[in-house]
Amino acid sequence: MMKKILLATDGSVQSQRSAEQAIQLATAFNGVIDVVHVIDAERAKHDALKNITPAALEQDRKQRLNPVLTKIKKEGIPYKLHFLKGEPGPSIVDFANKGEYDWVILGSRGLNPLQKMVLGSVSHKVAKRVKWPVMIVK
């Protein structure tokens, strides 16, 4: 029974822990992983204003995701890397809902209650709006 897993990652420590969970599930169920990284429009504008070349930006993104991708490759799990543009929460939700997944896995950033109330968290937005089971890894 093959399982399809969507792993949303930004290369952070939390997303590396969520990658470990995705790898465990993919290994146990002969699964495949779609790795999604969202390029935040605001950050992209900021980087463009700093005169960072598109090639350098792409290299930086790949370097940030390298620990996650290395773990997946090491276990021999089939995966596809997808770069999305926009606000992380809605972009992940839109991508996930257009596909068919057995699990959507992402890390929790650890906002305090006031930050969650004012800003909302990506993991909360995804858990609320994705039609597939969601695992949030602390």
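Author: Val104 stands opposite Val134, a residue of strand E5. Strand E4 covers residues 103–107, and four bridges join E4 to E5, the two running parallel. Strands (E, at least two residues) and helices (H or I, at least four) are DSSP runs, numbered from the N terminus. Two strands pair if DSSP finds at least two bridges between them. The model is predicted: local features need pLDDT of at least 70, side-chain atom pairs count only at pLDDT 80 or more, and totals for chains, interfaces and linings use all residues. Residues are numbered from 1 along each chain as its sequence is written, and side-chain values use heavy atoms, with hydrogens and water left out.

The pair E4 and E5 belongs to an open sheet of five strands with parallel pairing, in the order E3-E2-E1-E4-E5. Its edge strands are E3 (79–85) and E5 (134–137), each of which pairs on one side only. From one strand to the next, the twist averages 20°. Axes here are lines fitted to C-alpha atoms, for helices over the stretch in contact, and angles run from 0 to 180 degrees between N-to-C directions.

Helix H3 (residues 54–74) lies across E1 (4–8), E2 (32–39) and E3, and runs at about 155° to E3. Contact means heavy atoms within 4.5 Å. In the protein chain, 79% of the contacts with a separation of 6 or more are between residues 24 or more positions apart.

Along the sequence, the protein chain follows the pattern β-α-β-α-α-β-α-β-α-α-β, with six helices and five strands.
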